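Biologist: I would like to learn how to read a model such as this one. Please take me through it step by step.

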Amino acid sequence: MTDAVVDSSRQAPEAMTRRPPPNGAGRDRILNVVYVITWLTVVALVLIPIAALVFGSLRTAGPGEGGEWTLKNFVALGSEGVVGTILTTLYIGGATAVISAVIGTAIALIVHRTDFRFPNLITALTGLAFYFPSFILAMAWIIIGSPGGILNAIVNGVLGIPFKFDVYSVPGIIFVMVLHQVPFVYLTMRGPIMGMDGVYEEAARAAGAPPLQVLRRVTLPLLGYSVASSGILTFIMCIEQFAIPALLGTPGRITVLATQLYLLCRFDPVDYGLAAAVGLALSAITGLAIWAQRSVITNARLTTVTGKAGRLAPIRLGRWKWPAYILCFGFSFLALIFPAIILIYTSLQRYFSSNPFDAAYTLRNYTFIIESPSTMSSFWNTLIVSGLGALVGVALGFLASYFTLRQRPTGYRWLDLLAAMPFGVPGIVIGLGLLWAYAYLPLPLYGTLAILVVAYVTRYLPYATETIGGQMVQIDKSLEEAAWVSGAGRLTTLRRVLLPIALPSVQGAYFLLFMAFFREISSAMLLYTSATSVISVSIWSFFEQANWGEASALSVIATLIIFIAMSLILWLSPTSRRS
Amino acid sequence: MSIVVKDLVKSYGSNKVVHAISFSLEQGEFVGLLGPSGCGKTTTLRCIAGLEDANGGTISIEGEVVSDPANGIMRPAHSRNVGMVFQSYAIWPHMTVAQNVGFPLTIRKMGKKEVAERVDWALGIVGMQELAARLPSQLSGGQQQRVALARAVVGQPRVLLFDEPLSNLDAKLRDATRAEIRRLQRQLNIAAIYVTHDQAEALSMSDRVIVMDRGHIMQEGPPKDLYRRPANRFVADFVGVASFVEVMPTDDSLAWRTPDGTTIRVAEPAPATSAGGAMQLMVRPEAALLSPASAAPAGDGRNVLPGRIVEASYLGSHTEYVVEMGGSRVRIHSGDDLEHESDVIVSFAPTDAQLIPISRD
């Protein structure tokens, strides 16, 4: 009872004299300079392409070709063709978002809340599917489901059923987009589902609600806002999606805004002005959707689900066991395993054949890739752009988060807003904006890898600030204050306290950006030249030349690299898994 | 009997947290389950509610066996008809107050009109009728607490279970709510188990208190018995403040000797123990009187020991002194102002000197 905690008899060592803290003012001035540079960089990255796009949409001629001011491009937005495209875009985006939200949430609930027996396997497979590039998925499904593809060969040829699968259709596009988007919904719903305070469900059970009623009346309503938010984000990603509608829609003349923009820039009649107006229309739709998502989140605060994630009793699946198995494994099979098998199969053939017993097997697609200097250079380009570009993106994201969340100097709100803005700007639109901008700006960026880095960093800046900022807001202010009181300046505190604590999220953001850059295609489509081609573009070109074998071989290699990088992340930094 | 728990065992993997405990509650009885965190009290409560599956023993509620894993009986939580108040209240944030309270009724498919009537009744009991349309985020902690209480009683449960329901309230509100919970429980005449780590809460509310430590029941009895005649050192320490004096037996079973040779008389002989009879003497801080060494010694057969004040903490209503006495340090409360480091006389009646077996662990 009377144990002394503080031993006041202990004397300070004789040699200890009072020393004033180091003068941090000089070094803190460096921080001000860093802030100005960060601010200007973000403003330039985000505003230049947007301003160029607005400029371009008001011109009669293409970038750098003179011309006059005009409003005809906006008038043309009201034409029957464009309106039809807008409706198709909204329909595909809406349908995909709803279906993906339902399936993704169902899988997340099955995996994390029931006595499902293979949660880790499904989590891993869905994680892999998330990183499976969209254009590779679309290619695989063309090989499988196009009129001359494998499914029709089996169903018509072998079984003799007169039914034609056609992936070159609106339902086909929605189907492949759903396969691509479900992992996103799953990953965004995982957190809310696992972080839900179990006491709400326990209270319902104690109040007499059987399991299905608990799910219907408590669990799902509590998750409602998260599902809505995830669904809207999915909608945004769908209407920004370029590769899937371009590959699947072009043969059937189905155009969405993103593909129409591309066609206007690359095929006759070329009309860069109208393309810019289409890009602005597309951005307006995504902007509206982001606003909707934000207000959903704001409303969600009223009914926030907070609390400790307790031990939750798993729901017994019982007779729902087999439907759950079919949903989880069926999805993994269609979105990942089957396409991967088909790609490997196709990559090993001299000429494509649906009949595996009739095929001429070869490794020449792989040897060709290794021996082709242009393909190898696209490999190096991709590694440089991804490796260095992600570094730039993370540094910028870290600084932007630090200033907006911790320091709040003059103008930080602009920094915050601008850094979040590119989320609403589709990749192909950023590409077009830069195309317009660098036709006039005195910087010789066009035709270099640097312009790809600029495009990628701009597009994925919100991902970096979201990942790093998400962790930084949770760091208690007193940790910094303790360092200041101890005599550390702002810069020293940043380096010695904040950065080490935020490091897991910085690592997480780096890998996130690396992977995103590695498989990015939409913002590269309008910016690459033959000297600055990247892997995604090379695969695309092979496929466009109907060279399915090499396209598949290169896809297999690219996918392997992505999956290896992903395993490295999980192995290196277990803490970054959450981000 | 409302609740009968017999040989209840609960383990998480190889970690046994409840070791075959047994107790029962009469109709309308209010029992406090008291113990430090990790003693198994909440786990016991959750096993009764059906939120945890017990590993052994039986639990019956009003004669119906709801948990008997050895015979494959494990009624799910939703069919046990209990009312429960959670520590964090667990008011569903997406439902209004009325919807929260009405939930146990609508889940039983009760008609709209009857639900409305009953909700009104339950909200009336806790004085929350006018807030029926509010969302939980618009309520204070105390109001959420009342909603939780209304929700627990609205379905006329067979038992009421409380899991530290007051630990998130501030001190004043806590005192008021204590009385309210007890009044409500008496009025409804339902057996209630109240889990808490706050001994004042357990003593003031309960008809009977069960003290638990490391998954075992240490003692069970009315609050006064627990305070005055703790069965062991753990209960003596945990329930109230206690000081202990080292004592050795003499030939007289009512006289014990301190290491410095002073004899202390007790009112009752030591309880029989298996621990070889080693004892300590417990004195409550309010039971002993302190007077300056110069004062005349007290009579009436009181124990009188010389001591010395080594620490004093002024607490407003009284001062807590730590007195070195008979080779031990004891805490004594006194309204008198005494000099620090001064010699004093400590006196207490033999009835206030309780022998406690020294535990062996």
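Biologist: What should I know before I start?

Modeller: This is a predicted model, in which local features need pLDDT of at least 70 and side-chain atom pairs count only at pLDDT 80 or more, while totals for chains, interfaces and linings use all residues. Residues are numbered from 1 along each chain as its sequence is written, with chains lettered from A and ligands numbered from 1 in the order in which they are written.

Biologist: How many helices and strands does chain B have?

Modeller: Helices (H or I, at least four residues) and strands (E, at least two) are DSSP runs, numbered from the N terminus. Chain B has 8 helices and 22 strands.

Biologist: Which strands form the open sheet of 5 strands?

Modeller: Strands pair if DSSP finds at least two bridges between them. In chain B the order is E17-E21-E18-E19-E20, with antiparallel pairing. Strand E17 (289-292) and E20 of chain B are the edge strands, each pairing on one side only. E20(B) and strand E19 (residues 319-325) of chain B share 7 bridges, and B:Val330 in E20(B) stands opposite B:Val323.

Biologist: How many residues of chain B are in contact with chain A?

Modeller: Contact means that C-beta atoms, placed from the backbone, lie within 7 Å. By that rule, 25 residues of chain B are in contact with 22 residues of chain A. Strand E20 (328-334) of chain B supplies at least two residues of that side, as do strand E7 (82-85) and helix H2 (97-106) of chain B.

Terms used
Two residues are in contact if their C-beta atoms, placed from the backbone, lie within 7 Å.
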